[in-house]
Amino acid sequence: MSAEMESIPATARLRLDKDALVQNWQTLDRLSGTASAGAAVKANAYGLGARNVTRFLIEAGCHDFYVANWREAAEISELMVDNACLSVLNGIRDEDMAFALNMSAKPVLNSIEQVRRWAPTGRPCDIMINSGMNRLGINRDDLEQADLGTLAIDQVMSHMASADEDVSQNADQLAQFRSALESINGQRVSLANSAAIALGSDYHFDCTRPGLSIYGGKPRPELESLIQQVATPQAQILQVRELQPGDKLGYNAQYTAQRIHRIAILAMGYADGYLRAFSNNGQFSHQGNALPVLGRVSMDLIAVDLSADDSLREGGWLDCSYDLLQASRDTGLSQYELLTNLGQRFDENWI
C-alpha cells in the first residue's frame, strides 16, 4: 500500500487495548504455575497484528513464540532478540529450507520425513508428537524409526484437541503424551494451549502455548472472569435516515419497520469480518446506549437502530459489541473465527 493510501482515514477501525493484551498473557503465565507461558502469534496474532503483539509481549517478558509457517516467521523473526525463541508449527518442507536456514526460527518437526530433512543442519528444532488428535505429529510407535538422536531438540510438544470440554479425550491425550516422552528427550516439554492451562498442573510441563485467551478468548469457564477484551471494532456512520412503518431494509428485506425510527448505515460488513451471522443479531453501542443491528449484514455496510440515541449524526463512530464469548453464543461462530476473520480494512488503534 502506498504512503498516500495509508494516509487516507479508514471508515472502520480496531481499538486494541495493549494493557489488556499484556495482562491476559500475564494471567496465563501465572496460571501456568512453574511452567512459562509463550504466545501463539500465528495468523497475524489472530488478526490483531503479529509485529505489535510480539513486541508488546517481549517487553512483558514472554520468551517463546509460535507461528504456523515460514512466511509468518519472516514477519517477526527480526524481533527475536536476547533469549526470545520462534517456532514454526507446520514444520519444514523442501521449499522452506533455503529460507529457514537464513532465520533463527526453529521448525516443529511433524513427520519422519521432516526429521530426515532437518537433521543434517545440526540446528535446533522442536518435535510434535501425535497424542490422539491425528493432525500433525509423529506417532509414538514411529519414534524409534525417526532417529532422533542426532537432533538438537528444544521442545517436545503435542496439541490438545478438546481441552475446552470436560471429556475423557483430555486424560487420554495426556497419558499418550507421557508415554511418548519415555522415548524422546528434549530440553523442554510443552502441551497446554489456553484451554488446557485451565485443566491444571498435570498439563503444564515446562512451557505452555496460549493463543486465544491472550487476545480475549474464554474457552473455559475458569477463564471467564480473568480474561479481558482486547479488540473492539468501531465503525463510522455514513448516513442517518428515518424509516416509516412498512419500510423494508437491506438485502432480501430481512427487517421491516413497524414504527417511525432513525437508523444509521455503518461502514463495515462481512468483508471486514463482521459476518452475516450477526444479521438481526449483533449490537453496537454509543456512550452506553445499545444499538441493535437491523436486517442483513452486507459486504460493506450494516444498519443499526438509533432509537436509543438521538445525538448520533453522519460521521460519528460506534463501538461494536464484540466480547468473544458472548458473540460466539449469539452467532454460533467460534471465538477463533470471530478474531481471525477480522479484515484488512481496519485501521489499528492501540491504546
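Okay, hi everyone. Before anything else, keep in mind that we're looking at a predicted model.

Let's start with the backbone. Most residues other than glycine have a negative phi. If you want to find D82 on the screen, go to the loop that runs between α5, residues 70–76, and β5, residues 85–88. Is D82 buried or exposed? D82 counts as exposed, because its relative accessibility is 81% and the cut-off is over 50%.

The other one is N280. Again not a glycine, and again a positive phi, about 50° this time. N280 is in a loop too, the one between β15 (261–266) and β16 (283–286). With a relative accessible area of 37%, N280 is partly exposed.

Side chains of opposite charge can pair when their charged atoms come close. How many salt bridges does a search of the whole structure find? The count is 16. I'll go through a few of them.

Take R93 and D96: their side chains form a salt bridge at 2.9 Å, N to O. The two ends sit in different surroundings, if you look at the accessibility. R93 is partly exposed at 48% relative accessible area, whereas D96 is down at 6% and counts as buried.

Next up is D94 with R117, where the closest N and O atoms are 2.9 Å apart. This pair links distant parts of the chain, 23 residues apart: D94 is in the loop between β5 and α6 (97–100), and R117 is in helix α7, residues 112–118. D94 is exposed, at 55%, and R117 is partly exposed, at 24%.

Then there's D300 and R345, a salt bridge with its closest N and O atoms 2.9 Å apart. D300 is in the loop between β17 (289–294) and β18 (302–305), and R345 is in the loop between α11 (335–340) and β20 (347–350), so this contact ties together parts that are 45 residues apart in sequence. Both partners are partly exposed: D300 has a relative accessible area of 33%, and R345 has 42%.

Which residues are linked in a network of salt bridges? They are D64, K106, D126, D154 and R188.

That's me done, thanks.

Technical notes. Residues are numbered from 1 along each chain as its sequence is written. This is a predicted model: local features need pLDDT of at least 70, side-chain atom pairs count only at pLDDT 80 or more; totals for chains, interfaces and linings use all residues. Side-chain values use heavy atoms; hydrogens and water are left out. Helices (H or I, at least four residues) and strands (E, at least two) are DSSP runs, numbered from the N terminus. Buried means under 20% relative accessible area, exposed over 50%, partly exposed in between (1.4 Å probe, protein chains only). A salt bridge is a side-chain nitrogen of Lys or Arg within 4 Å of a carboxyl oxygen of Asp or Glu.
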